[in-house]
Amino acid sequence: MNLNRIDLNLFAVFDAIYTAGSLTKAADVLCITQPAVSNSLARLREMLNDPLFVRTGHSMTPTPAAQNIIGPAREALGLLRKSVQESHTFDPATAEISYNFAARDLLEASIMPRLTARLQSIAPNITLTNYDISRSNIVSSMASGSLDFYADASSAFVDPHLCKQKIAEDRFVVIARRNHPALSQGLNLDTFLQLGHINISQRRTGAGPIDVALDKLNLKRRVVMRGQHFLTVPAVIVKTDLIACIPYHLAKHYECSIYELPFELAPVEYFLYWHVSADHDHAHMWLREQIEEVVTTFHPSVSIA
């Protein structure tokens, strides 16, 4: 049998006829006309090559083939009904769902630990996966369902098939190893420019927000090392006299000294992206709410003690 020819609506009619024992009563149950029921039964008879029901007096008696089919058919219809119902309701305590994220190490280190800890108590069967993916594959991966969320510290990613929400703000600070010989009196602009810097950027070349801000002041810092991952910074910082500018809510977890930038810089904004097809999905909406909750601690105005 060619599965492409199967119309699941026919099995709903089949179930109604089997239960009601009459085409007229089945039509009443389904809120359709009796000719529509007769037409559906005729199509199902042709598809299954069996009469399925024979008239006995005023009722329709199922054939042996119909008796064999009714159990699996009802089970399949029940699963479909349950699936539709669950798409409109969501119980995190019992849900078994895996969400896939694509987020840089900055957001992975800042958000994923908080989100995982929160879910352990309220949604123990939900799992999270974060992996690296090219921006060019974001939309297609979300459309296929293999990716649920993309998170980035940028609002420049625009696509008509994606929804976007600003979820948090942070601010850049300067970190250095403890007891840094040049920072015993704190950090001023002159010292900031004199010291060697670690610059973190996904691009091989080009200016980041720190360099753009300095350029507006006709200033330039001395970049000694350029890398792609914020998580490599502490290992270099503790072994050198280099300094680095990183978001505060990542810096505060490191065994380093933290200083405010000696010049003005706009806050870092974090954005969450998802596919439009998932915008009204209750399970998806629930997890977005949990993400919003865990990033409420991201206050860019928090001062350094």
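Tyr 150 sits across from Tyr 273 of β12. That pair belongs to the place where strand β5 (residues 149–152) runs antiparallel to strand β12 (residues 268–275), with three bridges between them. (Strands are DSSP E runs of at least two residues and helices are H or I runs of at least four, numbered from the N terminus; two strands pair if DSSP finds at least two bridges between them.) The model is predicted, so local features need pLDDT of at least 70 and side-chain atom pairs count only at pLDDT 80 or more, while totals for chains, interfaces and linings use all residues. Numbering starts from 1 along each chain as its sequence is written, and side-chain values use heavy atoms, with hydrogens and water left out.

**The sheet with β12**

- This is an open sheet of five strands with mixed pairing, and the order is β4-β3-β5-β12-β6.
- Its edges are β4 (127–130) and β6 (162–170), each of which pairs on one side only.
- From one strand to the next, the twist averages 25° (axes are lines fitted to C-alpha atoms, for helices over the stretch in contact, and angles run from 0 to 180 degrees between N-to-C directions).
- β12 is mostly covered, with seven of its eight residues buried (buried means under 20% relative accessible area, exposed over 50%, and partly exposed in between, using a 1.4 Å probe and protein chains only).
- Helix α11 (residues 282–294) lies across β3, β4, β5, β6 and β12, at about 50° to β3.

**Helix α5**

- Helix α5 (residues 105–122) also lies across β3 (98–103), β4, β5, β6 and β12, and runs at about 175° to β4.
- The 18 residues of α5 span 25 Å from first C-alpha to last, close to the 26 Å expected at 1.5 Å a residue (the expected span is 1.5 Å times one less than the number of residues).
- There's a bend in α5 of about 35° at Ile 111, and Pro 113 follows within four residues (the bend is the angle between axes fitted to the seven residues ending there and the seven starting there).
- Ile 111 is also one of the buried residues of α5, along with Asp 105, Leu 106, Leu 107, Ser 110, Met 112, Leu 115 and Leu 119.

**The sheet with β11**

- Another open sheet of five strands goes β9-β8-β10-β7-β11, again with mixed pairing.
- The edge strands here are β9 (222–227) and β11 (257–260), each pairing on one side only.
- Neighbouring strands are turned against each other by 35° on average, direction ignored.
- Strand β8 (residues 196–200) runs parallel to β9, and five bridges join them.
- Ser 257 is found in strand β11 and is buried, at 17% relative accessible area.
- Leaving out residues up to four places away in sequence, Ser 257 touches Val 174, Ile 175, Ala 176, Arg 177 and Arg 178 (contact means heavy atoms within 4.5 Å).

**The cores**

- The largest nonpolar core has 59 residues, and Ile 175 and Phe 192 touch the most other members (a nonpolar core is a set of buried Ala, Val, Leu, Ile, Met, Phe, Trp, Tyr and Cys residues joined through side-chain atoms within 4.5 Å).
- The biggest contribution to this core comes from α5, with six residues.
- A second, separate core has 19 residues, including Ile 17, Ala 26, Leu 41 and Ile 70.
- Not counting residues up to four places away in sequence, the contacts of Ile 175 include Val 233, Ile 237, Leu 242, Tyr 254, Cys 256, Ser 257 and Ile 258.

- β1 pairs with strand β2 (residues 59–62) in the antiparallel sense over four bridges.
- β1 and β2 make a hairpin with two residues between them, and Gly 57 in the turn has a positive phi of about 65°.
- Thr 56 has Ser 59 in β2 as its bridge partner.
- Pro 51 is in the loop between α3 (34–48) and β1 (53–56), and this proline is partly exposed, with a relative accessible area of 41%.
- Apart from neighbours within four places in sequence, Pro 51 contacts Arg 45 and Thr 63.
- The C-alpha atoms of Pro 51 and Leu 287 are 49 Å apart, with the two residues 236 apart along the chain.
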